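Have a look at the picture first, then read the points in order.

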Amino acid sequence: VQLQASGGGLVQAGGSLRLSCTASGSDFDINRMVWYRQAPGKSRELVAAITKSGYTNSIDSVKGRFTISRENTKNTVYLQMTSLKPEDTATYYCYAEGIVVQQYKYLEVWGQGTQVTVSS
């Protein structure tokens with residue numbers, strides 16, 4: 001199982017970007033999908049998470065600006081980012097945890113990072 005993230009880029013402050021992350025493997029029954037970010041010199045932080053049933057949570061600094069959503073049939077999670085600020089600049093990582101059904105095995109998977117740069 002692999003996660004493939006995309007959608008990062010360079011944007012001016014106030015602009016928008018949408019990140020996508022798709023898990024390969026139809027046998028992977030994903031419970032929770034999460035977006036993390038890591039800025040230079042800082043530790044990785046959870047940005048937003050969503051469960052299979054659609055329950056979401058996010059950090060206060062992005063509430064009202066970022067929206068996490070997912071398409072379970074496509075094993076894909078999105079992060080719609082609006083009103084971007086320079087402090088949102090970071091490498092964004094997706095994460096998924098769930099069960100590989102045929103193996104009945106719990107699995108945690110990280111995607112490669114995608115860079116988001118917000119210029120002032």
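**Notes on the predicted model**

1. Let us begin with the surface. The protein has an accessible surface of about 6,400 Å², and carbon and sulfur atoms hold 47% of it. Such areas come from the Shrake-Rupley method with a 1.4 Å probe, and for residues only the protein chains shown count as cover.

2. A word on the source: this is a predicted model, where local features need pLDDT of at least 70 and side-chain atom pairs count only at pLDDT 80 or more, while totals for chains, interfaces and linings use all residues. Residues are numbered from 1 along each chain as its sequence is written, and side-chain values use heavy atoms, with hydrogens and water left out.

3. The protein contains 11 strands and 0 helices. Here strands (E, at least two residues) and helices (H or I, at least four) are DSSP runs, numbered from the N terminus.

4. Now for the overall dimensions. The C-alpha trace spans about 50 × 25 × 20 Å along its principal axes. The radius of gyration is 14 Å, which agrees with the value near 14 Å that a compact globule of 120 residues would have. That radius is taken over C-alpha atoms, and the globule rule is 2.2 Å times the number of residues to the power 0.38.

5. How much of the protein is buried? Of the 120 residues, 42% are buried, meaning under 20% relative accessible area with a 1.4 Å probe and protein chains only (exposed is over 50%, partly exposed in between). Among contacts with a separation of 6 or more, 54% are between residues 24 or more positions apart; a contact means heavy atoms within 4.5 Å.

6. Which cysteines are joined by a disulfide? C21 and C94 are, with an S to S distance of 2.0 Å. The link is right-handed, with 60° about the S-S bond. This pair ties distant parts of the chain together: C21 sits in strand β3 and C94 in strand β9 (residues 90-100), 73 residues apart. Both C21 and C94 are buried. The count comes to 1 disulfide, by the rule that two cysteine sulfur atoms lie within 2.5 Å.

7. Please also look at S20, which belongs to strand β3 (residues 17-23). S20 counts as buried because its relative accessible area is 17%. Beyond its neighbours within four places in sequence, S20 touches Q4, A5, S6, W35, V77 and Y78.
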